[in-house]
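Colleague: I've got this fold open on my screen and would like a quick tour. Can you walk me through it?

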Amino acid sequence: MTSSSPRLRPLPLIGLALWIGLLVLASVWMSRQAYSWLPVQASTAAPLVDGLFSFETGVGTFVFLGVISVMGWVVLKHRAEKYDATDAEPIEGNTRLEVIWTAIPLVLVMAIAVYAIRVNNTLGVLGPMEHIHMHDSVEQQGGYPGDRLPAENVEVIARQWSWEFRYAESGVSSTELHLAVDQPVTFRLVSEDVLHGFYIPAFRLKQDVIPGRAINFNLTPTREGRYRLRDSQFSGTWFAANQADVVVESSEEHS
């Protein structure tokens with residue numbers, strides 16, 4: 001007597017498809033909402049970083065709602081009867097289920113990794129970052145990267161607790177950073193005391209400023225306005241107040 005394989009019932013399959021569809025819709029909606037949680041996009045890097053953040057939010061939503069809904073279904077569907085103190089039924093391992101819940105996280109993690117690598121490579125093309133020794137002159141280093149690109153050169157000096165900006169072309173020094181919209185800029189980041197963090201949220205790029213090192217950091221602002229530069233590293237008691245205005249203006253106003 002041969003045993004026939006169990007048939008797949010259509011109703012559970014329809015329910016599973018509807019459940020997955022709802023998870024996908026909720027994840028897509030949440031990923032779109034993620035854009036509104038961030039400051040305005042003001043640099044060429046911002047859309048790339050925001051896209052990655054939106055994708056990760058959507059994946060996280062799918063996993064979170066999927067796990068929570070399964071837990072809720074198990075609690076409601078398989079809960080013990082009132083005053084039932086007996087042991088649960090012994091359940092053996094399910095190889096198919098174990099393969100599924102191993103393969104799905106692997107695919108999701110690899111998708112995030114591939115997306116992140118692509119964004120990181122693109123950011124490297126848009127604005128490469130180079131570390132150079134402070135005691136080496138600019139001529140010894142072959143000039144700023146901006147000397148090989150149509151970029152403005154600005155030296156950023158971080159201190160406890162203030163920022164100073166020196167513009168190479170004009171020789172002007174200020175405590176407020178002024179940039180021309182759609183004009184590439186190369187920063188030379190130096191610290192006169194401790195570790196600082198050069199971070200402008202609207203630009204979506206952050207770079208540590210390390211004592212004893214000069215770090216070249218490139219970006220291109222794309223939106224006119226007034227933004228805020230913050231020290232993202234704990235550089236001392238008043239590090240939270242170590243901020244400065246960043247003004248992105250037209251080329252005519254900047255000249």
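Colleague: What share of the 255 residues in the protein chain is buried?
Modeller: This is a predicted model, where local features need pLDDT of at least 70, side-chain atom pairs count only at pLDDT 80 or more, and totals for chains, interfaces and linings use all residues. Residues are numbered from 1 along each chain as its sequence is written, and side-chain values use heavy atoms, with hydrogens and water left out. Buried means under 20% relative accessible area, exposed over 50%, and partly exposed in between, using a 1.4 Å probe and protein chains only. By that rule, the buried share of the protein chain is 32%.

Colleague: What average pLDDT does the protein chain have?
Modeller: pLDDT is the predictor's confidence in each residue, from 0 to 100. In this chain, 87% of the residues score at least 70, and the average is 85.

Colleague: How many strands does the protein chain have?
Modeller: Helices (H or I, at least four residues) and strands (E, at least two) are DSSP runs, numbered from the N terminus. Besides four helices, the chain has strands numbering 11.

Colleague: Which are the edge strands of the open sheet of five strands?
Modeller: Two strands pair if DSSP finds at least two bridges between them. The sheet has mixed pairing and runs in the order 5-11-10-7-8. Each edge strand pairs on one side only, and they are strand 5 (177-180) and strand 8 (205-209).

Colleague: Are the rings of tryptophan 163 and phenylalanine 198 stacked, tilted or edge-to-face?
Modeller: Rings of Phe, Tyr and Trp (its six-membered ring) pair if their centres lie within 6.5 Å; planes under 30 degrees apart count as stacked, over 60 as edge-to-face and the rest as tilted. The structure holds seven aromatic pairs. In this one the centres are 6.0 Å apart and the planes sit at 70°, so the pair is edge-to-face.

Colleague: And what about phenylalanine 187 and phenylalanine 198, stacked, tilted or edge-to-face?
Modeller: Both of these residues, phenylalanine 187 and phenylalanine 198, are buried. Their ring centres are 5.2 Å apart with planes at 50°, so the pair is tilted.

Colleague: Which residues form one aromatic cluster?
Modeller: Tryptophan 163 counts as buried because its relative accessibility is 3%, and phenylalanine 198 does too, at 1%. The cluster consists of Trp163, Phe187, Phe198 and Phe217.

Colleague: Is serine 43 buried or exposed?
Modeller: Serine 43 is found in the loop between helix 1 (10-33) and helix 2 (46-77). Leaving out residues up to four places away in sequence, serine 43 touches Ala202, Phe203, Thr220, Pro221 and Thr222. Its relative accessible area is 2%, so serine 43 is buried.

Colleague: What separates the C-alpha atoms of alanine 46 and alanine 202?
Modeller: Alanine 46 lies in helix 2 and is buried, with a relative accessible area of 0%. Not counting residues up to four places away in sequence, alanine 46 touches Gln41, Ala202, Phe203 and Arg204. Alanine 46 and alanine 202 are 156 residues apart along the chain, and their C-alpha atoms are separated by 7.3 Å.

Definitions and conventions
Contact = heavy atoms within 4.5 Å.
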